[in-house]
Amino acid sequence: MLKRWSAAVLSGLLVLGAMGACGGENEAGSNGGNADDGKITMGFAQVGAESGWRTANTKSIQEAAAAAGIDLKFSDAQQKQENQIKAIRSYIAQKVDVIAFSPVVESGWDTVLKEAKDAKIPVILTDRAVDSKDTSLYKTFIGSDFVLEGKKAGEWLVKEYQGKTDTVNIVELQGTTGSAPANDRKAGFGDVIKADPKFKVIASQTGDFTRAKGKEVMEAFLKANPKIDVLYAHNDDMGLGAIEAIEAAGKKPGVDIKIITVDAVKDGMTALAAGKINFIVECSPLLGPQLMDLAKKVVKGETVEQRVLTEETTFTPEQAKAALPDRKY
Ligand code: GYE
């Protein structure tokens, strides 16, 4: 009890301290930012630490901020929208120069984004989109085209089963419910495979982008469905969890069940090179340097493109073997 109480007081003091340091006596900066030391302060509200992709993304942002001389305030929302909203409100209270965040889900951001706009603090969306109709609520959105990623996954499957007529039973592990990558990767994939009725998605459920949940849901899929030909997982981590479940069920991942994932982090690429995954659609987490460039421009009041796309490729097992030695994350 005492422990909890003192932890609460301590975190209150920390917030107050940070507010005093950044807000209090600050007169500089037309947008209320703490330009006292000439440094840009960025408040970044991260989704969480749910996957290898996210860890690499966080590292990229932290390293790029340090390299760009940007003072970074960083928070981890543990995949909860309410935590992200709290973090954004605290950045507004601290009068940071710019807020960047990766919205865990697409909807429900208008109120807090309006608060940032009213405080004249520019917002940059990174990695994931919001569905706000009012696009003046943020300056730019940098990240991947998730629909395209889903399409690439579907196109590989269409080619793989070309000329065959038997039904292909597919199970799908979706990302976090309501998130842009889950919505879009599902849509893009579905769009491509619907052209051929032999492709049947027999089960589709969220695995929350984590290894543990991917394993758990795959176990249930395997119990309920005697014939699964293909697994489409919205990220490597869920695919890797599912591989454990498939092996535990006495089946060979990549052979008895073909596996397609998205991300191309090192662990995923290693499984691909070993033939346990058959195809990976790349999604780059290295958004840090571009984000810092955009932040500098936005703080200066320069106009930036509304949408900045990340460049990405795809990998077969052979390509994974070639790329692995240089893979940084
Ligand atoms: O694919 C997944 C992560 O938003 C693109 O989030 C990101 C996704 C990524 O947890 O691994």
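This is a predicted model: local features need pLDDT of at least 70, side-chain atom pairs count only at pLDDT 80 or more; totals for chains, interfaces and linings use all residues.
Helices (H or I, at least four residues) and strands (E, at least two) are DSSP runs, numbered from the N terminus.

**The nonpolar cores**

- The largest nonpolar core has 46 residues.
- Ile99, Phe101, Trp109, Leu157, Ile170 and Ile260 are the residues with the most contacts inside this core.
- Among the contributors, helix α3 (residues 81–93) gives the most to this core, with five residues.
- Where does this core lie? Domain 1 (41–144 + 285–311) and domain 2 (146–283) both give residues to the core, so it lies between them.
- A second, separate core has 30 residues, including Phe209, Val217, Met218 and Ile228.

**Around the ligand**

- The ligand is surrounded by 13 residues, and the closest are Glu50, Asp127, Arg128, Asn235 and Asp263.
- Ser51 has a polar side-chain atom 3.0 Å from an oxygen atom of the ligand.
- In the side chain of Arg128, an N or O atom is 2.8 Å from an oxygen atom of the ligand.
- For Asn235, a polar side-chain atom lies 2.8 Å from an oxygen atom of the ligand.
- How much of the ligand does the protein bury? Taken alone, the ligand exposes 300 Å², and the protein buries 100% of that.

- Glu50 sits in the loop between β1 (41–46) and α2 (52–68).
- Is Glu50 buried or exposed? Its relative accessibility is 10%, and because buried means under 20%, Glu50 counts as buried.
- The side chains of Glu50 and Arg54 are joined by a polar contact of 2.9 Å.
- Not counting residues up to four places away in sequence, Glu50 touches Gln79, Arg128, Asp208, Phe209 and Thr210.

- Which residues does Val130 contact, leaving aside its neighbours within four places in sequence? They are Phe101, Pro103, Glu106, Trp109, Leu113, Leu125 and Tyr138.
- Val130 and Trp109 are 21 residues apart along the chain, and their C-alpha atoms are separated by 7.1 Å.

Methods. Residues are numbered from 1 along each chain as its sequence is written. Side-chain values use heavy atoms; hydrogens and water are left out. A nonpolar core is a set of buried Ala, Val, Leu, Ile, Met, Phe, Trp, Tyr and Cys residues joined through side-chain atoms within 4.5 Å. Buried means under 20% relative accessible area, exposed over 50%, partly exposed in between (1.4 Å probe, protein chains only). Domain bounds come from an automatic or database domain assignment. A residue is near a molecule or strand if one of its heavy atoms lies within 4 Å of it. A polar contact is a pair of N or O atoms within 3.5 Å; within protein, one must be able to donate a hydrogen and the other to accept it, and residues adjacent in sequence count only if both atoms are side-chain atoms. Accessible areas come from the Shrake-Rupley method with a 1.4 Å probe; for residues, only the protein chains shown count as cover. Contact means heavy atoms within 4.5 Å.
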